[in-house]
Amino acid sequence: MVQKDKIIESSQPENEENPVPTEAVADTQCPVDEPIIGLERTGRKKFITGVVEGFYGRPWTMEQRKELFRRYCQKWGLNTYLYAPKDDYKHRMFWREMYSVEEAEQLTTLISAAKEYGVEFIYAISPGLDITFSNQKEVSTLKRKLDQVSHFGCKSFALLFDDIDHNMCPADKEVFSSFAHAQVSITNEIFQYLGEPEIFLLCPTGPKVVSKDITVESIEEVTKILRRAPVIWDNFHANDYDQKRLFLGPYKGRSTELIPRLKGVLTNPNCEFESNFVAIHTLATWYKSNMNGVRKDVVMTDSEDSTVSIQIKLENEGSDEELETDILYSPQIALKLALTEWLSEFGVPHQYNSRQVPHSGTKSTSIDVPVLTVPSLGTSTTVTTVFQQPIMSPAVPLSDEPDVLGKEEEVEVEVEKKESDEEPMEMVVEKHDEVEDTKNVNQILTEIVKAKMTEDLKPMDTDKESLTESKSPEMSIQEDSGSDIAPMQTDDQLNKEVFVPGPNEKPLFTAEPLTLEDLTLLAELFYLPYEHGPKAVQMLKEFNWLRANSSYVSVNSKANDPEKVAEWQSRAEKFEEMCCSVIQMFTRLSNSANRTILYDLYPYIWDIKSIISMLKSFVQWLGCRSQSSAQFLSGDQEPWAFRGGLAGEFQRLLPIDGANDLFYQPPPPMPTSKIYTIRPYFPKDESSVYKICKEMFTEGCDGISFPDESPDLIGDRLVGGFLTLSPDYGFVLEDEEGICGYALGTVDVKPFVKKCKMSWIPFMQEKYNKPDTEKDLSEAEKMMLSFHEEEEGLPESFLSNFPSLIKVDIHAKVTDPSVAKSMMGCLLSSLKANGSLGAFCEVRQMDKRMLDFYSKLGCFEVAKMEGFPKDIIIMGRSL
């Protein structure tokens, strides 16, 4: 996937005779004549503001695009929509294919909706993957496709050649002097064929970049080179390069002093439609803060004056007129304005509609790729070009190429500042989350073609198809199993108009309402590409300090400083409070009445809730069980080993940072607000652990009964030794009814076995008499006999790699598979922090449930070695 911050050149060159020096399009010249540019009420040239649907991944639906026009564009004064979703197959992969009758009706309706709400609709097509520029049949096919779209009522178009191989085919090399020459040639021909439309964009290929800042100097440099004011295609809030990240922070890093120097800004936002309220709202606020071209930024600090300033600004937020003329732009103010307005929408009941869930998967008879809704760039023609070198690099010699862009065209150029080679913080994509990349084009094309040969591929998700071909949640999740984030299914897809809570769940629509503080916390946890929000930064700082100074409260510390211990405990308590606020936000948001918003946010809040819960449990363990020699991450791990965003930051701070399988916890098919708590084991929990151990063991014994006179036998045999001799490595799982699971272990099994032989086994021998071995023994008697028989030790060669013994189980009533992973994560973190290299567990050969359970927790069956017990399977996991 290629990220681009592009620039669309304005249409007023300083010198019409000189060609524009670019590297991507060296033979581009400025247009000779310019069209009349639309004016606003102020008399200024129309400033282009709007949305680009140009991301990789599941496109938006037709209904979502209409909602964009109604809710965002019309209400907030945005005027342009550019349609270019990479995964609409008739836009990119199969660009030659004409739209069906039903698809044509959908597009016609969508274009009409854009006009109704005063939004310029630009249809983009991306033929660059496999077009032969010199083949007139190919050019004719492209003309025919655009002809069809023009009959739908579309007046503005774009040719995209981004994210493709730079090398030309042999046939094109014989005709064109450069790849740029080929692109300009076909662009001019299409531009002329379409009757020189007022808005016409060209976007060549460019480097991977999401700009942290766009400075006035960089824009002035671009303007000087292009001799016209540019329009920025901004990927600041785009999240398609990392499926673990969401960006809910304000539009920033672009001074309002840019506005009089620009023709406009189009944002390419998050893939999840409902998550873009803040991104689009703050963009609109940013523009309105400097409409007259003389306003400057208000840089907010923690000073008293700035606090007063914020209060004054928020008191003036009453009318649109005040917003347009009075409020100076501050990212913090803009964020609060957006969140305050967004908060009201969470309380409006709205069921998630199946038409808003495009389907995917190889077994699907229809690949739902919502199509066309494009932001318009004003009334002037636009052609897009992308620099392959930084804008600030020395100017390139002017081109003498004869081919020029048609008149009245603007050039969209990818901005790459000196700082733009800096990659966004935690730009991490797991293998199953990867989107198409230019290096993988051939492979992707092959896979798509194969899929097309075996199924009836339909690129657009029309309303009718969505209604008649809705899949069940189970099918959708199976088909989308390649993604870490399973698509959230809707209530009406399950034939339920209203969600009915289970016997142990809170009702979804009667919980505490979401607060502004909750939304602020959410935004700060999922802030911006290059920074976390203040609360997220504070949590990272506190967790770092707590783990770095855990020796103050370690169980074997030789010199406990009361002041240091008190400080550690105080900061741990504050950290736990912050964790609880995240979990509370998750609960309130999960219970919000607006299910449409929830379903777009739920995978992300589920993810952050899971990792925060694990951190909270680990800090509790550090405060009472850690050793002074606790080991943590050295800091030299490869960055792609982790997920992105704040969750990835926290993951790498845990001892088991590389155990990605334990951190991969997809959300349930239906949102739930049920919360489980993991905490260290305490002696008072013994009876509850024994009870769960007995219930789960007998459930797997196929009706075998155990005598009532020995109620503790199973617990004594399976978990008693851990609880008595190794309580420091014990965790319990709780819900509102009490303990429902446990994770127990010992860091080194060899001294543990010695302790058992010295204290635990003799005690058990006194408690349970040795049964008569000359008769057939029941399961209970065999268990009693085990206390009186010498057990063989495991081979030293095995224990050197897997020194820790573990025992994990959860009650059958717990249906959330993520809690078992979290418990295992807490247990293994505690073991590794105190020096363990690996852990193993012992499972009876006939216990299929536990074999499957441990397998799903990343344990593997260790090859049989001499000294292994015959009736036991050893499963291990390296740390």
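Trainee: Why is lysine 684 called exposed?

Mentor: The relative accessible area of lysine 684 is 62%, and exposed means over 50%, buried under 20% and partly exposed in between (1.4 Å probe, protein chains only). Its value is therefore in the exposed class. Keep in mind that this is a predicted model, in which local features need pLDDT of at least 70, side-chain atom pairs count only at pLDDT 80 or more, and totals for chains, interfaces and linings use all residues. Residues are numbered from 1 along each chain as its sequence is written, and side-chain values use heavy atoms, with hydrogens and water left out.

Trainee: What makes lysine 684 and aspartate 685 a salt bridge?

Mentor: The N to O distance between their side chains is 3.3 Å, and a salt bridge needs a side-chain nitrogen of Lys or Arg within 4 Å of a carboxyl oxygen of Asp or Glu. The pair therefore qualifies. Aspartate 685 has a relative accessible area of 3%, so this residue is buried. Elsewhere, salt bridges with shared partners join Glu67, Arg70, Arg71, Glu274 and Glu345 into one network.

Trainee: How many salt bridges are counted by that rule?

Mentor: The count is 37. One of them is between glutamate 53 and arginine 65, whose closest N and O atoms are 2.8 Å apart. Glutamate 53 lies in strand β2 and arginine 65 in helix α1, so the bridge ties together parts twelve residues apart in sequence.

Trainee: Are glutamate 53 and arginine 65 buried or exposed?

Mentor: Glutamate 53 is at 0% relative accessibility, so it counts as buried. Arginine 65 is also at 0% and counts as buried.

Trainee: Turning to helices, why are α15 and α18 called roughly parallel?

Mentor: Helices (H or I, at least four residues) and strands (E, at least two) are DSSP runs, numbered from the N terminus. The axes of α15 (residues 534–548) and α18 (residues 645–653) come within 11 Å and cross at roughly 0°. Angles under 35 degrees count as roughly parallel, over 145 as roughly antiparallel, 65 to 115 as roughly perpendicular and the rest as oblique. That makes α15 roughly parallel to α18. The residues in contact (heavy atoms within 4.5 Å) include Met539 and Phe543 of α15 and Leu646 and Phe650 of α18.

Trainee: Now the sheet: why are β11 and β16 called edge strands?

Mentor: Seven strands form an open sheet in the order β11-β12-β13-β14-β15-β17-β16, with mixed pairing. β11 and β16 each have a single partner strand, so one side of each is left without a neighbour in the sheet.

Trainee: How do you know that β16 and β17 pair?

Mentor: Two strands pair if DSSP finds at least two bridges between them. β16 and β17 have two bridges, in the antiparallel sense, and phenylalanine 860 stands opposite glycine 876 in β17. β15 and β17 are also antiparallel, over seven bridges, whereas β14 and β15 pair in the parallel sense over two.

Trainee: What makes β17 mostly covered?

Mentor: Six of the seven residues of β17 are buried. Helix α26 lies across β14, β15 and β17, running at about 110° to β14.

Definitions and conventions. Axes fitted to C-alpha atoms, helices over the stretch in contact; angles between N-to-C directions.
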